Amino acid sequence: MIINVCPAAVTSASPDRVWEVLTTPERFGEWLDARFVSASPPGPATRGQIIQLSAPSLGRRWPVELDVVDVDSQHRWIDILVHLPFGVDNHERVTLTETKEGGTLVRFN
């Protein structure tokens, strides 16, 4: 079964500021309920990078792996394949769009 949900949110932060957090694996804890463990290769999010996280649930911490499928810094989107416990995979494309007020519309598709 495939479920498609596309949440979105608006923030007053500029797209450049949101993009910096979104593409810095060590800062993923600022927007995910998870702790950064490692990135291979290290550095900003890039195609082919594997990011290891640890997420809390049910009284313990669980391993979560993110495969960076693709990144487009010019158009501000990133594709990530998230591997969760129990064989659950989630494909996310996060896109950023500047609002008229200078903030950012963040979409998860």
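Strands here are DSSP runs of E, at least two residues long, numbered from the N terminus. With that in hand, the strand labels below can be read directly off this predicted model.

- As background, strands of a sheet pair through backbone hydrogen bonds, in either a parallel or an antiparallel sense.

**β3 and β4**
- β3 covers residues 50-57 and β4 covers residues 60-72. Eight bridges join them, antiparallel.
- Two residues separate the strands in this hairpin. Leu58, in the turn, has a positive phi of about 55°.
- Ala55 has Trp62 of β4 as its bridge partner.
- Gln52 has Glu65 of β4 as its bridge partner.

**β4 and β5**
- This antiparallel pair is held over seven bridges.
- Glu65, the partner of Gln52, also bridges to His83 in β5.
- The hairpin has four residues between its strands. Arg76 takes a positive phi near 55° there.

**Helix over the sheet**

**A surface patch**
- Leu84, Phe86 and Val88 make up a nonpolar patch on the surface. Together they have about 320 Å² of accessible area.
- Leu84 belongs to strand β5.
- Leu84 has 33% relative accessibility, so this residue counts as partly exposed, a class between 20% and 50%.

**A buried threonine**
- Thr95 sits in strand β6.
- Is Thr95 buried or exposed? Its relative accessible area is 16%; buried means under 20%, so Thr95 is buried.
- Leaving aside residues up to four places away in sequence, Thr95 touches Arg76, Trp77, Leu105, Val106, Arg107 and Asn109.
- Among these contacts is Arg76, the residue with the positive phi in the hairpin of β4 and β5.

How values were computed:
Residues numbered from 1 in each chain as written. Predicted model: local features only at pLDDT ≥ 70, side-chain atom pairs only at ≥ 80, totals over all residues. Heavy atoms only, no water. Pairing = 2+ DSSP bridges. Patch = residues over 30% accessible without salt bridge, like charges linked within 9 Å, V, L, I, M, F, W, Y side chains within 5 Å. Areas by Shrake-Rupley, 256 points an atom, 1.4 Å probe, with all protein chains shown as cover. Salt bridge = Lys/Arg side-chain N within 4 Å of Asp/Glu carboxyl O. Buried < 20%, exposed > 50% of the residue type's maximum accessible area, 1.4 Å probe, protein only. Contact = heavy atoms within 4.5 Å.
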